[in-house]
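Trainee: I am new to this structure and would like to learn how to read it. Can we go through it feature by feature?

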Amino acid sequence: MARMKFICDAERCIECNGCVTACKNEHEIPWGVNRRRVVTLNDGVPGEKSISVACMHCSDAPCMAVCPVNCFYKTDEGVVLHDKDVCIGCGYCSYACPFGAPQFPSQGTFGVRGKMDKCTFCAGGPEANGSQAEFEKYGRNRLAEGKLPACAEMCSTKALLAGDGDVVADIFRNRVLKRNKGAEVWGWGTAYGSKQAGQQTAKAEGAKK
Amino acid sequence: MSVRTSTHIALGLCLLLGLSACGEKAQTLGTKNDAKPHTGAAAAFTAQGWKAGDPISWEQQLRTRAQYGQNDHSRSP
């Protein structure tokens, strides 16, 4: 199994916010918290593009590096998860994340800045798979149910792809070959340091200089 | 045994006892023991067509689901 990854195909995203709604409904996320959101680039300018953004489950996750209480962990499938029993709601991860993924529900142990909440790639948390405790803290564990993230499965235009990195990259590559445009994958270079995203890795750039 | 030697021994024992109080338990925060997703979830909504506990079957299930649900090129004639 390769690493789990998200791809948002900006050529297909129609800014319907179906992914946002699917996510909020699936995990019963409270008001004021958005694990996923749709962002429009160059809004109002002809040729504007929209992308769906959430935690990208980075290969070298900066949130994990800065967490002072080490509440993050990465599963064998490459999903970055965290333990809410350990999180102190300091917000360092929020400053470190290039995607603005960490959310801080205002109702919680720490008042205005509660324990961090973010996209789990529908993989729950450290509690028992499918348990009520897991659902209440992290939402549904769809991966353990043999399903892919709700946001991607509900995407009406299939702009948002989620799953095994090799599989989703292959689906996206086929699309690009057929339409002959739109090969840029927003966020891939930042999250996975991939040349496939049209961005070179830091190592390759260093060698060039 | 002289008084001086016994005093030294007593002092040494006191020091040893004092140091033993420093043996505090480790308070490290390690990686959580999260169950693997292929072990399945005891949920009523579990997708059909794969066997919980079998990682190969779980991977195949996700691959099939990704192709069927997300690859419209493979579904169109």
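This is a predicted model: local features need pLDDT of at least 70, side-chain atom pairs count only at pLDDT 80 or more; totals for chains, interfaces and linings use all residues.

Trainee: How many helices and strands does chain A have?

Mentor: Chain A has 8 helices and 6 strands. Along the sequence they follow the pattern β-α-β-β-α-β-β-α-α-α-β-α-α-α. Of its 209 residues, 44% count as buried.

Trainee: What share of the contacts in chain A join residues at least 24 apart?

Mentor: Take the contacts between residues at least 6 apart in sequence; 52% of them join residues at least 24 apart. A:Asp164 and A:Arg3 are 161 residues apart along the chain, and their C-alpha atoms are separated by 5.6 Å. A:Asp164 is in strand E6 of chain A. A:Asp164 is buried, with 20 other C-beta atoms within 10 Å.

Trainee: Let us take a strand. How do I read its two faces?

Mentor: In a regular strand the side chains alternate between the two faces of the sheet. Now apply that to E1(A). A:Met4, A:Phe6 and A:Cys8 are on one side, and A:Lys5 and A:Ile7 are on the other. Both faces are covered. With 5 of its 5 residues buried, E1(A) is largely enclosed by the rest of the structure.

Trainee: Which strand pairs with E1(A), and in which sense, parallel or antiparallel?

Mentor: E1(A) pairs with E6(A) in the antiparallel sense, over 5 bridges. Within that pairing, A:Ile7 stands opposite A:Leu161.

Trainee: What else is A:Leu161 in contact with, leaving aside its neighbours within four places in sequence?

Mentor: Besides A:Ile7, A:Leu161 is in contact with A:Asp9, A:Ala152, A:Val168, A:Ile171, A:Phe172 and B:Gln70.

Trainee: How should I think about a nonpolar core?

Mentor: In soluble globular proteins, nonpolar side chains tend to be buried together. Here the largest nonpolar core has 57 residues. Those with the most contacts inside it are A:Cys151, A:Leu160, A:Leu161, A:Ala162 and A:Val168.

Trainee: Which elements give two or more residues to this core?

Mentor: From chain A they are strand E1, helix H1, strand E5, H5, E6, H6 and H7. The largest share, 5 residues, comes from H6(A).

Trainee: Now the helix from chain B. How do I read one?

Mentor: An α-helix has 3.6 residues a turn, so residues three or four places apart point the same way. Check the length first. H2(B) runs over residues 55–70, which is 16 residues. At 1.5 Å a residue it should span 22 Å, and its end C-alpha atoms are 22 Å apart, so the two agree.

Trainee: Which residues of H2(B) are buried?

Mentor: They are B:Trp58, B:Gln61, B:Leu62, B:Ala66 and B:Gln70. Seen down the helix axis, they fall within an arc of 130°, so they line one face of H2(B). The face turned away carries the exposed residues B:Ile56 and B:Tyr68. What covers the buried residues includes H5, E6 and H6 of chain A.

Trainee: How many residues of chain A are in contact with chain B?

Mentor: 34 residues of chain A are in contact with 29 residues of chain B. On the chain A side, the elements that give two or more residues are H5, E6 and H6. H6(A) gives the most, with 6 residues. That side of chain A divides into 16 nonpolar, 8 polar and 10 charged residues.

Trainee: Last topic: backbone angles. What should I look for?

Mentor: Most residues other than glycine have a negative phi, and most peptide bonds are trans. Look for exceptions. A:Cys122 has a positive phi of about 55°, and A:Asn180 has one of about 65°.

Trainee: Are these two buried or exposed?

Mentor: A:Cys122 is buried, with 27 other C-beta atoms within 10 Å. A:Asn180 is exposed, with 7. A:Cys122 lies in the loop between H3 and H4 of chain A. A:Asn180 is in the loop between H6 and H7 of chain A.

Methods:
Residues are numbered from 1 along each chain as its sequence is written. Chains are lettered from A and ligands numbered from 1 in the order in which they are written. Helices (H or I, at least four residues) and strands (E, at least two) are DSSP runs, numbered from the N terminus. A residue is buried if 20 or more other C-beta atoms lie within 10 Å of its own, exposed if 12 or fewer, and partly exposed in between; C-beta atoms are placed from the backbone. The expected span of a helix is 1.5 Å times one less than its number of residues. The arc is that of the directions from the helix axis to the C-beta atoms. Two residues are in contact if their C-beta atoms, placed from the backbone, lie within 7 Å. Ala, Val, Leu, Ile, Met, Phe, Trp, Tyr, Cys and Pro count as nonpolar, Asp, Glu, Lys and Arg as charged, and the others, Gly among them, as polar. A nonpolar core is a set of buried Ala, Val, Leu, Ile, Met, Phe, Trp, Tyr and Cys residues joined through C-beta atoms within 7 Å. Two strands pair if DSSP finds at least two bridges between them.
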